[in-house]
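The sequence and the structure come first, and the notes follow.

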Amino acid sequence: MNTEKVVEYIVTWLKDYAQKAGLKGFVVGVSGGIDSGLTSTLCAMTGLKVICVEMPIHQAESQVSRAQEHIAQLKDRFENVSNERVDLTPVFESLKSQVPFAEESAQLNLSLANTRARLRMTTLYHFAGLHKYLVAGTGNKVEDFGVGFYTKYGDGGVDLSPIADLMKSEVYKLAAHVGVPVSIQNAAPTDGLFGDSRSDEDQLGASYDELEWAMKQQDLGKNENDFEGREKEVFVIYERLNRINQHKMKPIPVCLLPDNLKSNY
């Protein structure tokens, strides 16, 4: 991959899209992770206005400090970057107090994690609406089109996806090229939605390098019987996640009425 040309292409694509849409800039949720670090930097390189938004909800201090380090670095490098911080913890707790739920369970924890992501989406669109900006997504190819590792109408609710055709390994290459802080490059990937130290690999059962490999094998038409040992285990994990998360990756199903049931206009 020619990282310099890829960066130039994405930056041009972002700028052209915003200008054709008649919008003035971008809003990016910055979490202290590699994907948001790269996305916000690419948006800043367009020269258009960029708002980096922190939205902590019982966030781990390490994630908060990385996000703040990145935002400070971006503001030093680019005059078009500003930032906002919205503490969503009391909003989240207020919502929890108003909705019924049974005893503690894995399903409850997942539901609450997705609620966090959806509160953040709502916050990003608030700023986008105020300033006539676009919400830039931070999902990469493996997450968005491989295993569906994002929240529907949460971090999946965006206006455009500048890095969604990049594998995670390519995200790291581009992040290093554009100067994302080393602390972010070296941090274990995490969605930060559970308020603890669990990593993406803990949740997925495989590393991004392994999932990239499995995604490529599936594209080649391979199946689990072509592998053994850890490779087979990873391929099964990938295929399962890819299958159960298709509802996120495909357009919303529309019930199309047959002609004989439609009204005559």
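## Loop residues with positive phi

His58 has a relative accessible area of 37% and is therefore partly exposed; buried means under 20% relative accessible area, exposed over 50%, and partly exposed in between, with a 1.4 Å probe and protein chains only. The residue sits in the loop between strand 2 (49-54) and helix 3 (61-77). Helices (H or I, at least four residues) and strands (E, at least two) are DSSP runs, numbered from the N terminus. The phi angle of His58 is near 50°, a positive value in a residue other than glycine.

Lys132 also has a positive phi, near 60°, and is likewise not a glycine. Lys132 is found in the loop between helix 5 (106-131) and strand 4 (134-135). With a relative accessible area of 52%, Lys132 counts as exposed.

## Basis of the values

This is a predicted model, in which local features need pLDDT of at least 70 and side-chain atom pairs count only at pLDDT 80 or more, while totals for chains, interfaces and linings use all residues. Residues are numbered from 1 along each chain as its sequence is written, and side-chain values use heavy atoms, with hydrogens and water left out.

Side chains of opposite charge can pair when their charged atoms come close. A salt bridge here is a side-chain nitrogen of Lys or Arg within 4 Å of a carboxyl oxygen of Asp or Glu. The whole structure contains 6 salt bridges.

One of them joins Asp35 and Lys168, with the closest N and O atoms 2.7 Å apart. This pair links distant parts of the chain, since Asp35 belongs to helix 2 (residues 34-44) and Lys168 to helix 7 (residues 168-178), 133 residues apart. Asp35 and Lys168 are both buried. Lys168 also forms a salt bridge with Glu143, where the closest N and O atoms are 4.0 Å apart. Because Glu143 lies in helix 6 (residues 141-147) and Lys168 in helix 7, the pair ties together parts that are 25 residues apart in sequence. Glu143 is buried, as is Lys168.

Glu233 and Arg230 form a salt bridge through their side chains, at 3.1 Å from N to O. The two residues are 3 apart in helix 11 (residues 229-244), so about one helical turn separates Glu233 and Arg230. Glu233 is partly exposed, with a relative accessible area of 45%, and Arg230 is partly exposed at 34%.

## Shared partners
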